[in-house]
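Look at the sequence and the structure shown below. The report then goes through the sheet, the helices beside the sheet, and the ligand.

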Amino acid sequence: MTQTLPIQEPSFRESVDMMFNRAVALMDLSPGLEEKIRVCNATYTVRFGVRLRGQIHTFTGYRSVHSEHMEPVKGGIRYALSVNQNEVEALASLMTYKCALVETPFGGSKGGLCIDPREWEEHELEQITRRFAYELIKRDMINPAQNVPAPDMGTGEREMAWIADQYKRMNTTDINGNACVTGKPINGGGIAGRTEATGRGVQYALREFFRDPADVKRAGLEGTLDRKTVIVQGLGNVGYHAAKFLSEEDGCYITAVIEHDGAVFNNDGIDVEDLKAWITRHGGVTGYPGARYHDDGAALLEQDCDILIPAAMEGVINLGNAERISARLIIEAANGPVTAGADDVLKKRGVVIIPDLYANAGGVTVSYFEWVKNLSHIRFGRMQRRQEEARHELIVAELERLDRYLGNAWSISPDFKKKYLRGADELELVRSGLDDTMRTAFQSMRAVMNTREDVHDYRTAAYLVAIGRVAASYRAKGL
Ligand SMILES: NC(=O)c1ccc[n+]([C@@H]2O[C@H](COP(=O)([O-])OP(=O)(O)OC[C@H]3O[C@@H](n4cnc5c(N)ncnc54)[C@H](O)[C@@H]3O)[C@@H](O)[C@H]2O)c1
């Protein structure tokens, strides 16, 4: 869906550049270096035909490389009708700053295909994805050493598995083929915890924010995450996992969920699993019996809550509604949900924003773990896993003995055994690595806020840290 912005709003690309420029104005970069960092290095446009339903359909896709100060470059592939060059370039530049902020050793890239995935059958999507991947692979725009995509809006592990397979068919002797894309299913070379990673990162980001009372006070809030009211826009990959973990593990109440077909709200809190199951079955929130329905979803962004989590698309908080946003704290789970104009308005109103380049960096962080796992050809936690397995086998044997003693009252099923014996070592490693990354990155923003009198918001602090690192990289290796 295309977001219509008020006439005086800059485009997404311009908005990102404006946020970049605000930070650069506070830095002392050598002349010309800021321009070099800001611009996108290259954007490749591809148009290709696929024979489907008795006729040839032509699709348009993009892969943009923002910065190659480190390689490979990294960034998701988005499937949406609204995809265009401006959007892909904005998203690619955000990837550069995001990777620098969380210290994953990648440059920034992003891709997109103009398509509504809901219009196509699975086998048709596979054909389209393989053809798009073919176009990018043959030009080294997908390659373990140069450019490594991942999921984004409208894509997931299924599409990543097709892309990896396509790459391996075209590069049969590349032993590192699996590392050409991240976000793959576990049985296709993926890593435990990647699917949940971005939402999990949002949870860890909020936990770190609430660890320091000074941050919490800045937002006019108090206490911990417990009993905070939360509104989520977009119950897709990122929004669903963030809402699920915050409600199940941190005591938050998800009081409203905004989706493409309207919104549902319930001040006592919405059961996220139940709503997600409804959306999966019915395609939207309409008719969901566990909450009240409102057909103007965007209006619910303005409803009173402690924390607002835009997790769908860019530009949804803009000059048209920024004055009416009631939340005290906004965490940008989506990329670019707050325009540069709205950012100014919200700042003046004292609304605190945890910026996208930090808030949704959990995805690329765990993608990095997956890439390293693929390149090293090992399973993380292997030694530990052997010990864990031995311990788990003993426990299962003991449970079985008890079960027999109690007349099979518990019925230890093969499924239970399989789940239990698989252990969670890799997942634990991934989660602790992600937690550490999110904490450290937040602390680097906090340090800037606490030490510089000319920095008053986390976004500028995040850009300062990120741009400083990209600049240092260019200084070290040359242009
Ligand atoms: N998937 C990741 O790992 C990842 C990582 C970093 C950032 N992001 C960003 O997070 C955002 C969401 O990505 P995702 O992967 O969760 O996508 P997704 O496709 O899984 O989910 C998007 C959700 O938003 C809903 N939606 C679409 N239009 C809407 C509208 N007008 N109002 C409300 N909801 C609407 C969709 O129905 C869907 O449920 C994007 O901005 C993406 O760039 C994603």
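In which sense do strand 9 and strand 10 pair, and over how many bridges? In this predicted model, strand 9 (residues 262-265) and strand 10 form an antiparallel pair with 3 bridges. V264 has Y293 of strand 10 as its bridge partner.

An open sheet is built from 7 strands, and their order across it is 10-9-8-7-11-12-13. The pairing in this sheet is mixed. Strand 10 (292-294) and strand 13 (352-354) are the edge strands, each pairing on one side only. From one strand to the next, the twist averages 20°.

## Helices on the sheet

Helix 6 (residues 197-211) packs on the sheet and touches strand 11 (307-310), strand 12 (329-331) and strand 13. The direction of helix 6 makes about 145° with that of strand 12.

Helix 8 lies across strand 7 (229-233), strand 8 and strand 11.

## Around the ligand

There are 25 residues around the ligand, and G234, G236, V238, A334 and G363 come nearest. Helix 8 gives the most, with 3 residues. By type, the shell holds 11 nonpolar, 12 polar and 2 charged residues.

Why does the ligand lie between domain 1 and domain 2? The ligand lies between them because domain 1 (40-190) and domain 2 (197-362) both give residues to the shell around the ligand.

Definitions and conventions:
Residues numbered from 1 in each chain as written. Predicted model: local features only at pLDDT ≥ 70, side-chain atom pairs only at ≥ 80, totals over all residues. Near = placed C-beta within 6 Å. Helix = DSSP H or I, 4+ residues; strand = E, 2+ residues; numbered from the N terminus. Nonpolar A, V, L, I, M, F, W, Y, C, P; charged D, E, K, R; others polar. Domains from an automatic or database assignment. Pairing = 2+ DSSP bridges. Axes fitted to C-alpha atoms, helices over the stretch in contact; angles between N-to-C directions. Contact = placed C-beta atoms within 7 Å.
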